[in-house]
Amino acid sequence: MRDFDRRSGVTVTRLALGTGALGNLYTPVSDEQAHAAVDAAWRHGIRTFDTAPHYGLGLAERRLGAALRERPRAAYTLSTKVGRRLEPHDGGGDDLAHGFAVPATHRRVWDFSADGLRRTLEDSLTRLGTDHVDVALLHDPDDHGEQAFHEGYPALERLRAEGIVGAIGAGMNQTAMLTRFVRDTDVDVVLCAGRYTLLDQSALTDLLPEARRRGTAVLIGGPFNSGLLADPTTAATYDYRQAPPALLDRALRLKAAAERHGTTLRAAALAFCAAHPAVAAVLVGARSAAEVDDCVRQYHTPVPAGLWAELRESGLLPADAPVPGEEARP
């Protein structure tokens with residue numbers, strides 16, 4: 001376990017399970033499959049779990065809560081998100097427009113107000129079957145920055161003071177606003193999805209150096225950029241859309257280099273994300289026990305130093321990106 005090294009006392013395992021897929025991301029997952037995925041994570045020593053109301057209109061939270069219900073609450077770290085409030089909806093249809101294969105029983109309402117965050121968190125606690133979460137993150141406040149900073153963040157501070165949440169922060173797919181949270185507020189942690197990978201090191205410019213200076217923990221989500229770095233084919237996705245040809249070509253070059261050094265692209269992708277000293281944990285998404293098993297196996301697969309040297313020499317990795325066994329520049 002790694003401590004956030006803040007007053008919250010929250011700790012995380014270096015590998016964490018993200019639960020978007022357990023909310024039926026793109027295709028259905030059965031309750032049994034979802035439960036088995038969480039069981040597999042637990043069996044491998046993963047004790048950090050991230051979820052959100054957005055994932056399947058609450059389905060991921062309900063499934064995660066059910067799978068963890070018999071586990072000792074003090075034995076794991078639970079993270080969820082606020083900012084998308086769920087309201088009942090009886091118009092029928094499904095939620096595939098938002099990426100989830102579930103009935104459209106609710107609709108999402110952007111709400112970073114103090115009252116909205118408290119109501120959203122209370123609903124999450126009910127779905128999760130717990131009286132507190134260890135981490136609460138403002139979820140994708142990209143277009144709601146004013147409200148998120150002036151209403152949502154202070155509300156999270158109050159919830160932290162009340163002990164309803166342990167650590168607070170924000171989770172986004174960009175680095176600029178996350179860097180602002182790190183610089184201008186007292187967040188404990190930020191979740192950066194897809195912006196620190198073998199294909200995109202934009203977090204290296206602003207977020208990671210600032211987090212390191214401030215002692216703010218960073219969780220890295222999307223280490224495979226939604227699929228392209230897991231299995232680079234013409235059908236692969238990058239940031240949840242069909243991968244552009246130029247990025248597919250780059251991923252294939254990365255894969256070929258990894259195989260020349262006797263390892264895998266997935267192993268290299270996870271090792272790279274975990275290597276920066278500001279990174280507390282890497283979140284992997286999985287929809288089955290087999291996928292969890294594979295992620296853990298890849299995480300522990302050795303990545304020779306020669307691969308990193310080749311990637312730098314070929315221009316596939318910037319020289320200032322820290323790699324395993326190498327200290328990042330301050």
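T179 is buried because its relative accessibility is 6%, and buried means under 20% relative accessible area, exposed over 50%, and partly exposed in between (1.4 Å probe, protein chains only). T179 sits in helix 5. This is a predicted model: local features need pLDDT of at least 70, side-chain atom pairs count only at pLDDT 80 or more, and totals for chains, interfaces and linings use all residues. Residues are numbered from 1 along each chain as its sequence is written, and side-chain values use heavy atoms, with hydrogens and water left out.

**Around T179 and helix 5**

- Leaving out residues up to four places away in sequence, T179 touches D206, L207 and E210. A contact means heavy atoms within 4.5 Å.
- Helix 5 spans residues 176-184, and its buried residues are M177, L178, T179, F181 and V182.
- The cover over these buried residues includes strand 10 (133-139), helix 4 (145-162) and strand 11 (165-172). It also includes strand 12 (189-193) and helix 6 (207-214).

**Nonpolar cores**

- A nonpolar core is a set of buried Ala, Val, Leu, Ile, Met, Phe, Trp, Tyr and Cys residues joined through side-chain atoms within 4.5 Å.
- The largest nonpolar core has 90 residues, and F49, L138, L198, L228 and W308 touch the most other members.
- Helix 8 (residues 265-275) gives the most to this core, with 9 residues.
- Apart from this core lies another, of 15 residues, among them V12, L137, A167 and L191.
- In soluble globular proteins, nonpolar side chains tend to be buried together.
- Not counting residues up to four places away in sequence, L138 touches several residues, including V82, F112, L117, Y153 and F181.

**The whole protein**

- The protein has 10 helices and 16 strands. Helices (H or I, at least four residues) and strands (E, at least two) are DSSP runs, numbered from the N terminus.
- Buried residues make up 56% of the 330 residues.
- Along the principal axes, the C-alpha atoms fill a box of roughly 55 × 40 × 35 Å.
- Among contacts with a separation of 6 or more, 73% join residues 24 or more positions apart.
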